Protein chains: 6
Amino acid sequence: MRLLLINPNTTVSMTEKAAKAARAVAGVGTEIIAVTSQTGPASIEGYYDGALAVPGMLRELKLRQAAGYDAVIICCFDDTGLDAARMFCDVPVVGLCEAAVSMAGFIAQRFSVVTTLERSRILIDNLVQRYGMGARAKVRASDIPVLELENSSSGAIGKLRATIERALAEDGAEAIVLGCAGMTDLARDLQVLYGVPVVDGVAAAVKQAEALVSLGLGTSKRSSYAAPLPKPFLGAMQEFAPVSSIEVSGA
Amino acid sequence: MRLLLINPNTTVSMTEKAAKAARAVAGVGTEIIAVTSQTGPASIEGYYDGALAVPGMLRELKLRQAAGYDAVIICCFDDTGLDAARMFCDVPVVGLCEAAVSMAGFIAQRFSVVTTLERSRILIDNLVQRYGMGARAKVRASDIPVLELENSSSGAIGKLRATIERALAEDGAEAIVLGCAGMTDLARDLQVLYGVPVVDGVAAAVKQAEALVSLGLGTSKRSSYAAPLPKPFLGAMQEFAPVSSIEVSGA
Amino acid sequence: MRLLLINPNTTVSMTEKAAKAARAVAGVGTEIIAVTSQTGPASIEGYYDGALAVPGMLRELKLRQAAGYDAVIICCFDDTGLDAARMFCDVPVVGLCEAAVSMAGFIAQRFSVVTTLERSRILIDNLVQRYGMGARAKVRASDIPVLELENSSSGAIGKLRATIERALAEDGAEAIVLGCAGMTDLARDLQVLYGVPVVDGVAAAVKQAEALVSLGLGTSKRSSYAAPLPKPFLGAMQEFAPVSSIEVSGA
Amino acid sequence: MRLLLINPNTTVSMTEKAAKAARAVAGVGTEIIAVTSQTGPASIEGYYDGALAVPGMLRELKLRQAAGYDAVIICCFDDTGLDAARMFCDVPVVGLCEAAVSMAGFIAQRFSVVTTLERSRILIDNLVQRYGMGARAKVRASDIPVLELENSSSGAIGKLRATIERALAEDGAEAIVLGCAGMTDLARDLQVLYGVPVVDGVAAAVKQAEALVSLGLGTSKRSSYAAPLPKPFLGAMQEFAPVSSIEVSGA
Amino acid sequence: MRLLLINPNTTVSMTEKAAKAARAVAGVGTEIIAVTSQTGPASIEGYYDGALAVPGMLRELKLRQAAGYDAVIICCFDDTGLDAARMFCDVPVVGLCEAAVSMAGFIAQRFSVVTTLERSRILIDNLVQRYGMGARAKVRASDIPVLELENSSSGAIGKLRATIERALAEDGAEAIVLGCAGMTDLARDLQVLYGVPVVDGVAAAVKQAEALVSLGLGTSKRSSYAAPLPKPFLGAMQEFAPVSSIEVSGA
Amino acid sequence: MRLLLINPNTTVSMTEKAAKAARAVAGVGTEIIAVTSQTGPASIEGYYDGALAVPGMLRELKLRQAAGYDAVIICCFDDTGLDAARMFCDVPVVGLCEAAVSMAGFIAQRFSVVTTLERSRILIDNLVQRYGMGARAKVRASDIPVLELENSSSGAIGKLRATIERALAEDGAEAIVLGCAGMTDLARDLQVLYGVPVVDGVAAAVKQAEALVSLGLGTSKRSSYAAPLPKPFLGAMQEFAPVSSIEVSGA
């Protein structure tokens, strides 16, 4: 089984950290193909960065088709471009937020998602509502710029711990979801430290992708995720024009 | 990894069918320990049957502790006794409905759950709402008594197909979830027949249980799923009294 | 009119306290038949205790059929086994939580439910959401083990008052609902003390049961509460097998 | 116990029919004081009629204070002026819709409300949502002008039956709520005819009012239903000016 | 374009302040016809005042028909009598709360509404939920009686600022909505002071009314806002009886 | 006032039709600057097309900054890239769907949105839910490819009418919202034909943009729409890198 893990931002160190985390939990026979977007922002902090990361992410989906992949993981907790990728693919496409909050739901009735900046908090809260967890999960920001997570001396971990401690004390959280791909290496230690389940989106997405593939479940091509219709694409986006709806299938 | 698959009804043929389905999708190194409740109803059709199936299911959880298990699957689409089992265990406990609708959410925006009798329809609709999928999923009954699914000449499959066809035509369903453990053997064929993803709860639960175990995620023991408090249990239920909160841990 | 008040836990002093409260508010001509479950936990603190209390509660329903009853009150604020009892009976079955939050809705737009332990808080919050009061009611725990309410020197009342005071100060509560059957004797004094309506579940359930009976309204036998279907029940649960659907009627 | 039943429309025959229904279900010792508004529309069909019925209804509340009453029933299924009356009174005030859907919730998980004209359907649907029953109840109009219910040869009953039959066939309704005060005399026969519980708002409101009074529960005077503040009222409305907040108390 | 701005309370200074605010934002060619209700409370603080303000407001709608108007603004943040007015008119009718929260939604994802007294807070919270903004907006009271806003030395502005500051600090508010018509003159200064958008309901309603009129959009006369049906109105309300459904049209 | 109307697809005839519609409703002194994206799909049918249209849309926002604009209209009913544009701008940014459903809410309690293809139906339904209109609006597809709306002999209008007629007959719709920018020229005729308000998104967005600008309300820069943070953008997206947060302001 080949899982295409795409980092939709252009920071290679984040891809490497996520790939390491993904490989650490991948099942026997699962190959993680980790790729970094070649075009777009160095980190995704809010809707603007996110929107400009999508074409680079879709390009990787397209470029990797020849080699083939059985599922896709979009390695950003904002689930950047998730719906667009699902239209492009017929294999499953998994986002970190959807995977993490789904898994948290099996082990806790109420939980808190701890993310980076205030500007991402509402974005993730909207996702959590869309995924049906609005009455069960609270989202908190830690005031950590994403790239500070790449720098162990940035003080980011202290801020993250303080936010988790507030979630446990004030929200009645039974579990913690780490709300940024860049926090993937911290989950195990935090789980030991606080004695509650700590869910990491990268790991969660790997397991959800494996689960879907092993059950033969792909993205439904009926209605909202039907393959893109053939039509002209002008200018720099020309490369994305589907010639026919057959061509857009996954591996 | 040892997964304890408990059929909370007392019909051994259903356990065997589910165990077969579970083993067919289990990962390398996953052992399925399939057990049938020794006390309670032969099938679970509504709340009364369900409530009376829980002690038998919890007894299996207790009896199997010595031998050990890494996660539990409650093999009924009503998620019978799920919350009680999560209090008893610190390993993950997975229900078929929660697992199936979670997985359907990754591959379809709108889907229909097709279950057996009208009396189970609202029960499952309430579960779907609790799991946050109320705005995305419609539940339909097929007018099939559960045990007719054990009898290939019962006409059950014809009724099931008719119901799926209505869901596709009238609900805008992008995927189908089979809403009874006894339908587990039909998923693949129906998926081929209708060309949309068909999610089976048994298979979904196996993969969710494997995912949780492999990530080291257990049931949160903070707040709503905290271990049962030691206290007297009278009469026939005496066997279930927790002597101390330490004793109730899983394998 | 004969109301069967079943305490689903096995602590007789709680039954007696509840029976006294029930008789104090019962109408002319209403007889309260108070029974204590003979099997199960001494108190219900969370889902595990609750699930194991249901068979004992259902047994009382069955045993008392010959003598007859016009409605049933399940005397626990967790509404233990409510749906199962409604399938068994065609007379009305009333739970304390549903009765209390319904009545609070007539006299206040926003209110707080004050319960015992943190482990019961989310359970009751889920009930409140199911009963449609999620946007109007907040649930708070007082850190009181249920049986401490049976002991006047336990300090339980002090904790309860402190929690009510926080609800009034922080939640904008216009009324208070007491979220445990064991608090039934405290409602009047607290109402006087705080000058807001204080709703007790036992009293509320008696009045709702009387109301339903006097209007000739029974549990609907169409769809989700249809009588249990005849089928084999194995082992210790054999006594609960419905022989035919006629037999399951109430008095 | 004295219950003030106010018909907020000015049609005396509707008051008499409702009073008869109320007295038929009232408990021993309950006196029904039935009054008809002296000013406003002859029937309440939509928001305009409703708004213009409120002052006449409030005047009755005020005029009857000297004689005293223990609770108020607003005898219209639109719950006309319910919130205003609750501010005026410290005794309980009960509306037909809130009472009926609350009682239906104890005996059925899903039900349909059958009302008169299309223009009242959304109004009632909004009430049902506010009372937390939006996910459980469907509202249907029968195309019956309210006053046709006063005329036995109008064909109204045929239309009502047809609507109930559609609710049973298409909505999965487990119970029926009659959505107009003028239907109060039909409930028992329809319940026998269709074999499902049929809830009448007049009867439901009487029992809820009795329940609240007998438990010593009045309208909360904290926050949203606090007594009107003393202030000038000009023109024709001068009579409604509260001189002081003490004066506005109920009987 | 002629906009009829009706102050449903009887305080002329509030009408004048609102008219000034309305004229300050009205487009070229928009005439603001500001009228004060001649009957009812001097301010609207809660449901009782509101209900008794409606007939006076509807009378102005009727009296001004001969002169004609193209849209109506009900100049109270409680949206007093909004639905009744929409039945009466076929021109658009706009309330301050609906206009303000709609406009806030275009410029902020989360915002807080700051109103006067606690007794109005839940009333407005219910409106906000009805308008679909319940998950996006929080309502706060400032403990300011409405008429204190007419008196610059009352300390009202200090209380208002303190409430806004709490909303910014604790709610994560991205914008502020002023929840009383009497605050209309404060919006611009507060926007400068706090550096976030501050939405005033009077101004918002003028622009929404202009927008609807210029697009030829009137109140739908199908279903819930259909014109009042001809019927007798007794007593003091006789003046409001629609003779025929044609007569009730707006200008 | 200068409104920048950006067609995020690359079909100039659609821009021209929308610009014509916009100018027809624009107020005195409003200049419509209509621009067509230079890069991306010829029409937006689903998430894939939408995501690939965003960079072209954002480029127009950036290119037009020097000349200045007071508000932005994104001329697609999918509200393509709306959140990203709001981060980029401090002037208001208005989408067609949000504008149209907001305006429909003032004139109807229940309405239907009639869009093009099935694949856009759920996308728009999700928007409608996010905008708080999920309980009030139903979305229907007409099976019309977007570009068929550019061709008067395509049969598109017949399909659209048939869908509107079903919405009126089956949904109880009180108003119709046209769910595609390409339908903008049809609104007036359909309103006359069906006698219910018909809301066009292009016209609605123009009026909402004018309203916001004239009130001095811009996009909140606090929290979720704060200006993009300066950071490197690699590859083809380099042009979008904000050098500093000051530079990203609108005109």
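How many residue pairs are in polar contact between domain 1 of chain A and domain 2 of chain A? The count is 15 residue pairs, both residues of each pair being at pLDDT 80 or more. A polar contact here is a pair of N or O atoms within 3.5 Å; within protein, one must be able to donate a hydrogen and the other to accept it, and residues adjacent in sequence count only if both atoms are side-chain atoms.

The model is a predicted one, in which local features need pLDDT of at least 70 and side-chain atom pairs count only at pLDDT 80 or more, while totals for chains, interfaces and linings use all residues. Residues are numbered from 1 along each chain as its sequence is written, chains are lettered from A and ligands numbered from 1 in the order in which they are written, and side-chain values use heavy atoms, with hydrogens and water left out.

Chain A consists of domain 1 (2-96 + 205-240) and domain 2 (97-200), with bounds that come from an automatic or database domain assignment. Taken over C-alpha atoms, the centres of the two domains of chain A are 22 Å apart. Contact (heavy atoms within 4.5 Å) joins 26 residues of domain 1 to 28 residues of domain 2 in chain A. About 2,100 Å² is buried between these domains, and carbon and sulfur atoms give 58% of it. Buried area is the accessible area (1.4 Å probe) that two parts lose on being put together, summed over both. Of the area that domain 1 of chain A buries against domain 2, Lys17(A), Glu45(A) and Phe77(A) supply 34%, more than any other three residues.

The rule also finds 4 salt bridges across this domain interface of chain A, a salt bridge being a side-chain nitrogen of Lys or Arg within 4 Å of a carboxyl oxygen of Asp or Glu. A salt bridge links Arg130(A) and Asp83(A), whose closest N and O atoms are 2.9 Å apart. On the side of domain 1 of chain A that touches domain 2, at least two residues come from each of helix 1 (12-25), helix 3 (82-88), strand 5 (93-95) and helix 8 (201-214). Helices (H or I, at least four residues) and strands (E, at least two) are DSSP runs, numbered from the N terminus. Helix 1 of chain A has the largest share of that side, 5 residues.

Between chains, the contact of chain B with chain D takes 6 residues from chain B and 5 residues from chain D. Chain B and chain D bury about 410 Å² between them, with 36% of it on carbon and sulfur atoms. Ile122(B), Asn126(B) and Gln129(B) supply 67% of the area that chain B buries against chain D, more than any other three residues. Across this interface the rule finds 1 salt bridge, in which the side chains of Arg110(D) and Asp125(B) meet at 3.1 Å, N to O. Helix 5 (residues 118-130) of chain B gives the most to the side that touches chain D, with 5 residues.

The copies can be superposed by least squares on the C-alpha atoms of residues with pLDDT of at least 70 in both. Chain F is laid on chain A by a turn of 180° and a shift of 0.0 Å along the axis, with an RMSD of 0.0 Å. That is the relation of a two-fold axis.
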